[in-house]
Amino acid sequence: IGDQACQAIETVLTLPIGTESFQTTRLYFDSTTKLPVRLQQYAFPERRGQKPVLVEDYLYQNVKTNVGLTEMDFDANNPRYGY
């Protein structure tokens, strides 16, 4: 992806499973960090013989790890969140 070396895993379903499934899913991982950097989801075509349609495409860039989060950052009772 751009200058970033990646590895991808692709799954393809022959039939839908339930109402929320995608025919094809591609998940890309940065070859160095092994973090996911892109996700593409293709819907089942409406008619036989048509190509699947890209319906979701997420790209993650400039991801920072080890940014000093604490347990309180994941606590729903954290007063800073104002729930």
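Predicted model: local features only at pLDDT ≥ 70, side-chain atom pairs only at ≥ 80, totals over all residues.
Strand β3 spans residues 36-43. Strand β2, residues 24-30, pairs with β3 in the antiparallel sense over six bridges. The hairpin of β2 and β3 has five residues between the strands, and there Lys-34 takes a positive phi near 70°.

Strand β3 is also joined to strand β4, residues 53-59, by six bridges, and these two strands run antiparallel. Within this pairing, Tyr-42 has Leu-54 in β4 as its bridge partner.

## The setting of Pro-36

Pro-36 belongs to strand β3, and Phe-29 stands opposite Pro-36. Leaving aside residues up to four places away in sequence, Pro-36 touches Leu-27, Tyr-28, Phe-29 and Tyr-60.

The relative accessible area of Pro-36 is 40%; because this value falls between the limits of 20% and 50%, the residue counts as partly exposed. Val-63 lies 27 residues from Pro-36 along the chain, and the C-alpha atoms of the two are separated by 9.8 Å.

## Salt bridges between strands

Side chains of opposite charge can pair when their charged atoms come close. The structure holds three salt bridges. One of them brings together the side chains of Glu-10 and Arg-26, at 2.5 Å from N to O. This pair links distant parts of the chain, as Glu-10 is in strand β1 (residues 6-12) and Arg-26 is in strand β2, 16 residues apart. Glu-10 is partly exposed at 45% relative accessible area, and Arg-26 is partly exposed at 25%.

Asp-57 and Arg-38 also meet through their side chains in a salt bridge, at 2.7 Å from N to O.

## Other side-chain pairs

A further salt bridge is formed by Arg-80 with Asp-73, whose closest N and O atoms are 2.9 Å apart. Arg-80 is exposed, because its relative accessible area of 63% is over the 50% limit.

Arg-38 takes part in another arrangement as well: its charged end sits over the ring of Tyr-28, 6.0 Å from the ring centre. A search for aromatic pairs across the whole structure finds zero.

Definitions and conventions. Residues numbered from 1 in each chain as written. Heavy atoms only, no water. Helix = DSSP H or I, 4+ residues; strand = E, 2+ residues; numbered from the N terminus. Buried < 20%, exposed > 50% of the residue type's maximum accessible area, 1.4 Å probe, protein only. Contact = heavy atoms within 4.5 Å. Phe/Tyr/Trp six-rings, centres within 6.5 Å; stacked < 30°, edge-to-face > 60°. Lys NZ or Arg CZ within 6 Å of the ring centre and 35° of its normal. Pairing = 2+ DSSP bridges. Salt bridge = Lys/Arg side-chain N within 4 Å of Asp/Glu carboxyl O.
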